Amino acid sequence: MSYENILYSVDGGVCRVTINRPDKMNALNHQTITELGAAFDAARADDSVRALVLTGAGEKAFVAGADIGELHAQAGNAQGAADLAAFGQGVFRKLEDLGKPSIAMINGFALGGGCELALACTLRTASTNARLGLPETSLGIIPGYGGSQRLARVAGPGVAREWILTGDMFPAEEAHRIGVVNRLFSPEKLEEGTAKMLKSILAKGPVAVRFGMELVLRGWDMDQTDGETLETEYFGKAAETEDMREGMAAFLEKRKPDFTGK
Ligand code: COA
């Protein structure tokens, strides 16, 4: 697929997806969300891709939300608006279910659908000049791309209520303090810091990384006992991998492991 509103590249096992509508603060219109869906499918299917970084073009925005012009056209049309939300949720879920770690590299405003998109990533880094929030209630609507559910899971229901009800924008420092952003960097160090975080993940056993991601994601919807049962299941599966033998042998032999993902 050729892309108009995003940039897609793969280098050194890392797929980079850049939302590229800087003159519109990278707002998510239907075309852009469709292209993101295709990009996530491509990244999932490409065995050379081990991780994904998602960011926004330009200096000001990661993504300033769903395209308000398009949303406005849905006013008074309950079914149309619900369909729009379901479509976006489906695409964001592809990102969450990528089976490979993803990092939202938040380089500016991450508002509304942009914040929701970042929340669908496995992890989030941000520059100190970023601002995050769910301002939908300012427009008389609510988050529609899974944000009400994911923010509550990432930072707790109290934070989700505060962000949704006030519609305020929060500085990256605050988002970092409450765990919405995992790592915070100066704008000049955002790329380098994100690359360092990725390098650390990519040096680990790929199967173990995938199991770890899946356990946290799937365990959320289980009670603790079921979650622990799932953990024992994955723990057993991990013990069957060549990577486990290699990881432990490397430790005992005082060398770096050479993981193969098997
Ligand atoms: N949808 C559509 N267009 C958007 C947009 C969005 N969510 N966010 C920004 N834009 C457009 C603006 O309309 C403007 O386009 P124009 O130059 O054709 O008029 C352009 O991007 C630049 O935005 P502007 O508002 O001039 O920049 P700013 O620096 O003054 O303010 C924001 C930046 C992000 C604070 C402001 O654009 C904003 O509040 N955006 C909406 C955020 C929002 O409510 N998102 C949730 C949507 S559900």
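Biologist: Where is methionine 25 found?
Modeller: This is a predicted model. In it, methionine 25 sits in the loop between β2 (14–19) and α1 (30–45).

Biologist: What is phi of methionine 25 near?
Modeller: Near 55°, which is a positive value in a residue other than glycine.

Biologist: And what is phi of asparagine 26 near?
Modeller: Near 60°, again a positive value in a residue other than glycine. Asparagine 26 is placed in the loop between β2 and α1.

Biologist: Is asparagine 26 buried or exposed?
Modeller: Buried, with a relative accessible area of 0%. Methionine 25 has a relative accessible area of 26%, so it counts as partly exposed, because buried means under 20%.

Biologist: Changing topic, which residues have the most contacts inside the largest nonpolar core?
Modeller: Leu36, Leu52, Leu54, Ile106, Leu132, Leu151 and Trp163. That core has 46 residues. Apart from it lies another core of 12 residues, and Val14, Ala51, Ile103 and Leu202 are among them.

Biologist: What does leucine 52 touch?
Modeller: Leaving out residues up to four places away in sequence, leucine 52 touches Cys15, Val17, Phe40, Ala43, Leu95, Leu98, Pro101, Ser102 and Ile103.

Biologist: Why have cores like that at all?
Modeller: In soluble globular proteins, nonpolar side chains tend to be buried together.

Biologist: Then how is leucine 139 classed, and where is it found?
Modeller: Leucine 139 is in the loop between β8 (131–133) and α5 (147–155). Its relative accessibility is 48%, so it counts as partly exposed; exposed would need over 50%.

Biologist: How many Å apart in space are leucine 139 and histidine 72?
Modeller: They are 9.7 Å apart, C-alpha to C-alpha, and 67 residues apart in sequence.

Biologist: How many cavities of 30 Å³ or more does a search of the whole structure find?
Modeller: One. About 60 Å³ of space lies in the largest cavity.

Biologist: Which residues line the largest cavity?
Modeller: Leu28, Asn29, His30, Ile33, Ala66, Asp67, Glu70, Leu71, Leu84, Phe87 and Tyr145. At least two residues of the lining are supplied by each of α1, α2 (68–72) and α3 (78–96).

Biologist: How do the lining residues divide into nonpolar, polar and charged?
Modeller: Seven are nonpolar, two are polar and two are charged.

Terms used. Residues numbered from 1 in each chain as written. Predicted model: local features only at pLDDT ≥ 70, side-chain atom pairs only at ≥ 80, totals over all residues. Heavy atoms only, no water. Helix = DSSP H or I, 4+ residues; strand = E, 2+ residues; numbered from the N terminus. Buried < 20%, exposed > 50% of the residue type's maximum accessible area, 1.4 Å probe, protein only. Core = buried A, V, L, I, M, F, W, Y, C linked by side-chain atoms within 4.5 Å. Contact = heavy atoms within 4.5 Å. 1 Å grid on protein atoms, 1.4 Å probe; cavity = no way out; pocket = protein on both sides within 12 Å on 5 of 7 lines; lining within 4 Å. Points joined across faces, edges and corners; volume = space filled by probe spheres on them. Nonpolar A, V, L, I, M, F, W, Y, C, P; charged D, E, K, R; others polar.
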